Amino acid sequence: MNNPISLTRSGRNLLNLGAALFLAFPLSLSSPSGVQASTSDLAAREAAWIAEAAYEGILKVSKETGELMLQIPGAGRMDALAVSGEEPGVLWAYGQNSLSAYSFKGELLLTLVVDALDDDSDDDESEEDDDETSPHLAVSQDRSVWLARGARLHHFDAVGNGLHVISVGESIEALSVDRERNHLWVATKERLEAYNALGELTVSVTPGGDPEHRDIAYDPALDALWVADRRTLRRYDAADGAVLFSQELSEEISYLAPDFQGGVWIASEDDDDDDE
């Protein structure tokens, strides 16, 4: 592994641990008021989809030039986005208790009210968590969609039919798709879990000590899972959850993005950062 490369952008510290020098997701780091779509598709790397809170709409921006490519006004406030870049490309957006799908031309394809799909549950803690934690979206290799709200996972097929509702018992901090196996990795504060397309738990990892997971990212170049645990960066074998790499950093990690060449970009916040 080459020496790490560090940059600073809009108060965010960026560190690349790998051979390639290019900013994998610059717009998500320089636009703190917006939410950028997560994607595991290499084909979707040319553009960034951003839900801008002040705009209350969705923007499509070229990652290479920063040029505005498309606007979807009137979409409302969106809290999570995810992209399926395979033809035909679909943008999934969640906000205001609704899950919507858009074509890459900005056409609304469907909208689901997610609250109406919840199973009746006596898990009061999970219900409370649904309102207190940030939602997350991910699109699997089979084009199915995973929505994390609080301690629950909602799984939908490519046309919005509900497949599974899974309670993981803790608030979900991050999602990432293992496209090699079509598994979904889920990070809670203290655990890492992988689920297959049937909603079955396939891998469960409970790190020692007092973990506080912030973000995860599957790396197709390494077939591994990068994990941010406060100031510790780890890499796990995606097949069985074995630890392959661990390194302590000087600052807390807030965001991970693989560079698709065996390296990973890391974002951390300055303690005295006033950009909000």
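The legends below accompany an overview and several close-up views of a predicted model.

**Figure 1. Overview of the predicted model, a protein with two helices and 24 strands.** Of the 276 residues in the protein, 54% are buried. The exposed surface comes to about 12600 Å², and carbon and sulfur atoms supply 44% of that area. When contacts between residues at least 6 apart in sequence are considered, 40% of them join residues at least 24 apart.

**Figure 2. Close-up of the largest nonpolar core, which has 15 residues.** Inside this core, the residues with the most contacts are Trp 92, Tyr 94, Leu 99, Leu 137 and Leu 147. At least two residues of the core come from each of strand S7 (80-84), strand S8 (90-95), S9, strand S10 (108-113), strand S11 (136-139) and strand S12 (145-149). Strand S8 gives the most, with three residues. In soluble globular proteins, nonpolar side chains tend to be buried together.

Figure 3. With neighbours within four places in sequence left aside, Leu 147 is in contact with Tyr 94, Val 114, Pro 135, His 136, Leu 137, Arg 152, Leu 153, His 154 and Phe 156.

**Figure 4. Ser 100, a buried residue in strand S9.** Ser 100 lies in the strand that spans residues 98-103, and its relative accessible area is 5%, so it falls under the 20% limit for a buried residue. The side chain of Ser 100 makes a polar contact with the side chain of Thr 111, at 3.2 Å. Not counting residues up to four places away in sequence, Ser 100 touches Leu 91, Trp 92, Ala 93, Leu 108, Leu 110 and Thr 111.

**Figure 5. The salt bridge between Arg 77 and Asp 79.** The closest N and O atoms of this pair are 3.5 Å apart. Arg 77 is partly exposed, with a relative accessible area of 44%, and Asp 79 is likewise partly exposed, with a value of 30%.

**Figure 6. A network of salt bridges that includes Glu 212, Arg 230, Arg 231 and Glu 252.** The side chains of Glu 212 and Arg 230 meet in a salt bridge with an N to O distance of 3.8 Å. Glu 212 lies in the loop between strand S18 (201-205) and strand S19 (213-219), whereas Arg 230 lies in the loop between strand S20 (224-229) and strand S21 (232-237), so this pair ties together parts that are 18 residues apart in sequence. Glu 212 counts as partly exposed at 24% relative accessibility, and Arg 230 counts as partly exposed at 34%. The side chains of Arg 231 and Glu 252 also meet in a salt bridge, here with an N to O distance of 3.5 Å. This second pair links distant parts of the chain, with Arg 231 in the loop between S20 and S21 and Glu 252 in the loop between strand S22 (243-248) and strand S23 (255-258), 21 residues apart. Arg 231 counts as partly exposed at 34% relative accessibility, as does Glu 252 at 26%. Through salt bridges that share partners, Glu 212, Arg 214, Arg 230, Arg 231 and Glu 252 are joined into one network.

**Figure 7. Backbone at Gln 96 and Arg 230, two residues with positive phi that are not glycine.** Gln 96 has a phi near 55 degrees and is found in the loop between S8 and S9, where it counts as exposed at 56% relative accessibility. Arg 230 has a positive phi of about 55 degrees and lies in the loop between S20 and S21, where it counts as partly exposed at 34% relative accessibility. The side chain of Arg 230 is also the one that meets Glu 212 in a salt bridge.

Methods:
Residues are numbered from 1 along each chain as its sequence is written. This is a predicted model: local features need pLDDT of at least 70, side-chain atom pairs count only at pLDDT 80 or more; totals for chains, interfaces and linings use all residues. Side-chain values use heavy atoms; hydrogens and water are left out. Helices (H or I, at least four residues) and strands (E, at least two) are DSSP runs, numbered from the N terminus. Buried means under 20% relative accessible area, exposed over 50%, partly exposed in between (1.4 Å probe, protein chains only). A polar contact is a pair of N or O atoms within 3.5 Å; within protein, one must be able to donate a hydrogen and the other to accept it, and residues adjacent in sequence count only if both atoms are side-chain atoms. Contact means heavy atoms within 4.5 Å. A salt bridge is a side-chain nitrogen of Lys or Arg within 4 Å of a carboxyl oxygen of Asp or Glu. A nonpolar core is a set of buried Ala, Val, Leu, Ile, Met, Phe, Trp, Tyr and Cys residues joined through side-chain atoms within 4.5 Å. Accessible areas come from the Shrake-Rupley method with a 1.4 Å probe; for residues, only the protein chains shown count as cover.
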